[in-house]
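Here is a protein chain to explore step by step. Keep the sequence and the 3D view open as you read.

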Amino acid sequence: MRTPRKNKKANTNDRISDLPSNVIDGILANLKIRDQVRTSILSKKWRYMWTSAPQLCFGYDFFVRFLRLDDLDPVVCKIIMDVLMLRNGPVCKFSIDVPGYFGFEFSTENLNMWIPFMSKDIKHLELVTYCTPEDQNKIMPDTLFSCKELTFLKFSSFDLSVPPNFYAFKKLLELHLVKVTFESSAFESLMSGCPVLEKLSIEDCTCSDYLVISSPSLKVLVLVLYDTKSICLKESKNLIDFTLKGYYTRSLIKSLPKIKKFSLGILTENPYADIIPPTLLTSSLSSLEFLELNGLNLKVKGDILYFVSLLKSAPRLIELVIKQSNNVDTTQVLDLSKELERHRCCLKLQTVEVYTRSCSQHAMSLIKSILVNSPLLKILTVYFYNYDKLDAHMLLKISQDLLWMKRASPGAQVNFIHSTYSPY
């Protein structure tokens, strides 16, 4: 018998440490801050590699470890400061996203100490906290405006104040304001310093009654507001994607560019005609391809007829989403079939989704009208959600009514999905 050969000496080379620096940076960038620090025990070469990670993100997984502390502010602030002081490379992304129930609040003073450690190279900056005391006004830190390389900025719970020596965020592409208080002059000053801004989001902010958004480069706009009386978008001529949600008053939209995607959500009983004047429909929706209406009252005759006129004003519309208002009176009223027949038109719709809590006569008439006026329709899906269980006979009756409806498109598929909870 042959004597078995001895195994060759195992290869003890540290292959991970020999990876290219950009690959190591990518590995560290995808780790949570705690795991980044843990890599220091892998080997001597990895002992300080975490200090050069290009991204520092302090989110839920970081804050949850301090939840039981009575006063976690000084502890957390010291840890963040220590991490920044140990940095051995540029910070391209810095994120603090504090869950609202954690009770942690970073101050203007904290940020004025942290930002100088990264202002030269920072491109992505998020400073989000939802626990600012009502009796404390936090002014935006001046050091923030020294971050000239920013392409993404999101901050919350501050009073917006733009320093007089602010020049511009020349590279900023995305700006998100959450629970920010600002006057129109400060907002306009900030916007004028963002010449290439493409996406703007303003959510739950306290601002002036009249909001003017003048940004020729803006393409995507998200507004979730509750007290604003007027919105003017006259100078935002390149806007193509517009989302508008909240509580509003009459004649809110004063001007509307030729957008391609529009999502509208109304949380009050105000008619849609009070939000978007009918005069704007024919001039602003000629390029519209996607429309979402959240809060449409399928029982109100005025809302449905306004909706039909909206469809007629959007000859290029191919995708439609309708979400019924949650506060719906299911009392049956006069069928609108005859009214809808008077407004027949040829639609280019290909995909339609209807979310409803009640398959009332109004809802069924609207679905019927879409089917008979959409020769290019591929699929129409009805999501019927009801918190009370319905018997099989009722569900079968609704599905049969949908199946037997006439349709202009012979290949159109109609789906009926029932659920006991809201899908949105």
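Which residue forms a salt bridge with K78? The partner is D82, and the closest N and O atoms of the pair are 2.9 Å apart. Keep in mind that this is a predicted model.

Look at where the two residues sit. Both belong to helix α4, which spans residues 73-85. They are four residues apart, so about one helical turn separates them. D82 is partly exposed, because its relative accessible area is 31%, and buried would require under 20%.

Now turn to a pair from another part of the chain. K323 and E292 also form a salt bridge, with N and O 3.5 Å apart. K323 lies in strand β13 (residues 319-324), while E292 lies in strand β12 (residues 290-296). The two are 31 residues apart in sequence, so this pair ties together separate parts of the chain. Are these residues buried or exposed? Both K323 and E292 are buried.

Next, find helix α12, residues 392-404. Here D401 forms a salt bridge with K397, and the closest N and O atoms are 2.8 Å apart. These two are four residues apart in the helix, so about one helical turn lies between them. D401 has a relative accessible area of 26%, so it counts as partly exposed. K397 is partly exposed too, at 42%. The whole structure holds five salt bridges, as a search finds.

Leave the charged pairs and look at the nonpolar residues. In soluble globular proteins, nonpolar side chains tend to be buried together. In this model, the largest nonpolar core has 110 residues. Which of them touch the most other members? They are F94 and F242.

Zoom in on F94. Leaving aside residues up to four places away in sequence, F94 touches residues including L56, F58, I80, L84 and M118. I122 and L125 are also among them.

Finally, step back to the whole chain. It has twelve helices and 16 strands. Of its 424 residues, 47% are buried. Consider the contacts with a separation of 6 or more: 62% of them join residues 24 or more positions apart. The chain exposes about 22,300 Å², and carbon and sulfur atoms supply 52% of that area.

How values were computed
Residues are numbered from 1 along each chain as its sequence is written. This is a predicted model: local features need pLDDT of at least 70, side-chain atom pairs count only at pLDDT 80 or more; totals for chains, interfaces and linings use all residues. Side-chain values use heavy atoms; hydrogens and water are left out. A salt bridge is a side-chain nitrogen of Lys or Arg within 4 Å of a carboxyl oxygen of Asp or Glu. Buried means under 20% relative accessible area, exposed over 50%, partly exposed in between (1.4 Å probe, protein chains only). A nonpolar core is a set of buried Ala, Val, Leu, Ile, Met, Phe, Trp, Tyr and Cys residues joined through side-chain atoms within 4.5 Å. Contact means heavy atoms within 4.5 Å. Accessible areas come from the Shrake-Rupley method with a 1.4 Å probe; for residues, only the protein chains shown count as cover.
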